[in-house]
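Here's a quick briefing to read with the model open beside you.

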Amino acid sequence: MYAASREALAHTRSALQSALGSGAATAAAAQAGSELFSVVEALDSQRALRTALADASAPAAVRERLAEQVFGGKVSAQTLATVKAAAGQDWSAQSDLTGSLVQLGREALLKAAADQDQLDTVEDELFRLGRIVAGDPELEQTLSDRSTPASAKRDLLTRLLYGKVTAVTEALAVHAVGRLSTSPAETFDELSALAAAQRDRAVAHVRSAAPLDAKQEERLTATLTRIYGKPVTVHVEVDPELLSGLVVRVGDEVIDGSAAGRLAAVRKSLT
């Protein structure tokens with residue numbers, strides 16, 4: 001995303017935060033998040049509308065008026081204020097407009113989760129969902145299949161998640177699976193990391209050759225917190241193929257302390 005779009009996103013985020021600053025914040029945030037997803041679906045399906053709202057050559061007031069004409073009376077005041085603010089900005093690309101509305105929809109839903117003290121739960125549910133999908137090749141292939149309509153993927157995931165996760169987790173995951181840019185597992189991991197970021201936390205994905213007990217996990221968490229200078233949420237999965245040790249991934253950084261990793265390094269040095 002270029003500077004113009006980053007600035008546009010910042011202005012639009014400010015408009016959303018201002019709109020959610022009063023009244024029934026939790027309910028309003030949840031509604032705004034869901035409605036922003038619906039707005040994005042409308043823009044994804046209507047190229048002419050998407051082009052008109054992102055047309056930097058048209059006056060901002062004209063674009064804002066178009067947004068009100070299309071979405072006024074169909075979404076809440078908070079959502080409409082956010083969409084109008086987005087339409088009034090100059091975006092480097094149409095995809096930046098829709099992508100930013102998705103981002104703000106996610107942030108609004110996570111705000112609702114935070115207001116209900118559910119951020120920890122949502123973060124953990126999204127991480128575990130990513131692991132479940134990654135461990136089920138058939139499910140991952142179905143959710144990744146570009147020939148399958150987005151609505152069918154969303155219906156499938158809705159059925160799988162119904163009654164098993166929080167409403168925010170379901171809303172985030174179901175919408176995301178309909179417009180994937182990475183694998184489903186990676187997308188759910190990114191959503192989990194976004195939930196952690198709302199609490200200014202980093203997320204460590206740990207693969208361990210053997211289960212960690214409570215004290216080991218506590219020591220690992222403390223060590224990573226010192227390294228990264230902020231609280232770290234540790235998610236552990238057991239992977240016997242590592243033989244021994246751990247592999248820790250925080251963002252794009254990987255710390256490989258496994259026996260399998262050391263063997264791979266030795267093999268590479270010998271070639």
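In this predicted model, helix H9 (residues 150-161) packs against helix H10 (residues 167-176) at an angle of about 155°, and their axes are 8 Å apart. That angle is over 145°, so H9 counts as roughly antiparallel to H10. As for handedness, the H9 and H10 crossing is right-handed.

**Where H9 meets H10**
- On the H9 side, the contact is made by Arg154, Leu157, Thr158 and Leu161.
- Facing them from H10 are Glu170, Ala173, Val174 and His175.
- Sort the residues of this contact by class and you get four nonpolar, two polar and two charged.

**Another helix pair: H4 and H5**
- Helix H4 (residues 60-71) and helix H5 (residues 77-87) cross at roughly 145°, with axes that come within 8 Å.
- The crossing of H4 and H5 is right-handed.
- H4 brings Arg63, Glu64, Ala67, Glu68 and Phe71 to the contact, while H5 brings Leu80, Val83, Lys84 and Ala87.

**A serine to look at: Ser5**
- You'll find Ser5 in helix H1, which covers residues 3-19.
- Is Ser5 buried or exposed? Ser5 has a relative accessible area of 0%, and because the cut-off for buried is under 20%, Ser5 counts as buried.
- What does Ser5 touch, once neighbours within four places in sequence are set aside? Its contacts are Asp90, Trp91, Ser92, Ala93 and Asp96.

**Zooming out to the whole protein**
- In terms of secondary structure, the protein has 13 helices and four strands.
- The C-alpha trace spans about 65 × 40 × 40 Å along its principal axes.
- Of the 271 residues in the protein, 41% are buried.
- Take the contacts between residues at least 6 apart in sequence: 68% of them join residues at least 24 apart.

Methods. Residues are numbered from 1 along each chain as its sequence is written. This is a predicted model: local features need pLDDT of at least 70, side-chain atom pairs count only at pLDDT 80 or more; totals for chains, interfaces and linings use all residues. Side-chain values use heavy atoms; hydrogens and water are left out. Axes are lines fitted to C-alpha atoms, for helices over the stretch in contact, and angles run from 0 to 180 degrees between N-to-C directions. Helices (H or I, at least four residues) and strands (E, at least two) are DSSP runs, numbered from the N terminus. Angles under 35 degrees count as roughly parallel, over 145 as roughly antiparallel, 65 to 115 as roughly perpendicular and the rest as oblique. A crossing is left-handed if the near helix is turned anticlockwise from the far one by less than a right angle, and right-handed if clockwise. Contact means heavy atoms within 4.5 Å. Ala, Val, Leu, Ile, Met, Phe, Trp, Tyr, Cys and Pro count as nonpolar, Asp, Glu, Lys and Arg as charged, and the others, Gly among them, as polar. Buried means under 20% relative accessible area, exposed over 50%, partly exposed in between (1.4 Å probe, protein chains only).
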